[in-house]
Amino acid sequence: MKIEEKPKTVEFKWGKKRGKGGKKRDIQFYESFTLNGVDYSLFDTVYIKNGAQSEPHIGKIIKIWETSTSEKARKIKIQRFVRPREISKLLTRVKIYYNELFLACGDCTELAIINPLESITGKCNVVCISKDSRNPQPSDVAFRKASFVFYRYFDVGQRKIVEEVDDKISGVEVKNFFNKVA
């Protein structure tokens with residue numbers, strides 16, 4: 001006897017509106033939303049389903065929107081973090097922390113990914129430990145609670161690790177990738 005699984009119900013609610021855009025002004029942008037009882041906002045770090053892979057992508061939410069098409073598509077744009085194992089051939093003689101990630105940067109289209117909003121599987125606690133003057137330093141407690149840390153970047157176009165970046169990544173002010181001011 002085959003048992004049929006019920007489709008998983010997604011609980012969803014939009015938060016604060018941000019503005020409209022698109023050629024026909026048919027895109028509504030948002031600052032926040034609630035998905036399955038968890039509140040998400042711009043610049044939160046999240047886990048994203050990675051196709052058939054068991055290990056999810058990790059990224060910062062840099063854009064949230066809904067199109068006004070007949071299907072009302074809800075989308076997010078994520079600035080990706082790169083795991084060391086993804087670029088292991090480029091890390092010879094580079095010391096890394098056991099829980100270090102690299103924020104994707106550079107002149108390349110592969111920095112950010114667009115996914116259905118429902119592809120989020122949860123929040124991820126990433127702390128920036130960069131000594132960049134624009135980065136508010138994390139407390140010892142925040143550092144110990146972090147699932148991952150980052151302080152360097154992976155320039156996707158040049159395929160190399162860099163320690164400094166310009167004022168913007170993917171058109172977003174770099175301060176939004178650093179720790180939030182407490």
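In the predicted model, Lys 180 is exposed, with a relative accessible area of 56%. The side chain of Lys 180 meets that of Asp 44 in a salt bridge, with an N to O distance of 3.1 Å. Asp 44 lies in the loop between strand 5 (38-41) and strand 6 (45-48), whereas Lys 180 belongs to the segment after strand 16 (172-173), so the pair ties together parts that are 136 residues apart in sequence.

Under the criterion applied, the count of salt bridges comes to 10. One of these joins Arg 74 and Glu 118 at 2.4 Å, N to O. This pair likewise links distant parts of the chain, with Arg 74 in strand 8 and Glu 118 in the loop between strand 10 (112-116) and strand 11 (120-123), 44 residues apart. Arg 74 is partly exposed at 24% relative accessible area, and Glu 118 is partly exposed at 25%. A further salt bridge is formed by Glu 86 and Arg 80, whose closest N and O atoms are 2.6 Å apart. Here Glu 86 counts as partly exposed, at 37% relative accessibility, while Arg 80 is buried, at 14%.

On the surface, Lys 17, Lys 20, Arg 25 and Lys 72 gather in a patch of positive charge. Lys 72 is located in the loop between strand 7 (57-67) and strand 8 (74-82), and its relative accessibility of 46% places Lys 72 in the partly exposed class.

Definitions and conventions:
Residues are numbered from 1 along each chain as its sequence is written. This is a predicted model: local features need pLDDT of at least 70, side-chain atom pairs count only at pLDDT 80 or more; totals for chains, interfaces and linings use all residues. Side-chain values use heavy atoms; hydrogens and water are left out. Patches are made of residues with over 30% relative accessible area and no salt bridge: like charges are joined within 9 Å, nonpolar side chains (Val, Leu, Ile, Met, Phe, Trp, Tyr) within 5 Å. Accessible areas come from the Shrake-Rupley method with a 1.4 Å probe; for residues, only the protein chains shown count as cover. A salt bridge is a side-chain nitrogen of Lys or Arg within 4 Å of a carboxyl oxygen of Asp or Glu. Lys and Arg count as positive and Asp and Glu as negative; His and the chain ends are not counted. The place of a charge is taken as NZ of Lys, CZ of Arg, CG of Asp or CD of Glu. Helices (H or I, at least four residues) and strands (E, at least two) are DSSP runs, numbered from the N terminus. Buried means under 20% relative accessible area, exposed over 50%, partly exposed in between (1.4 Å probe, protein chains only).
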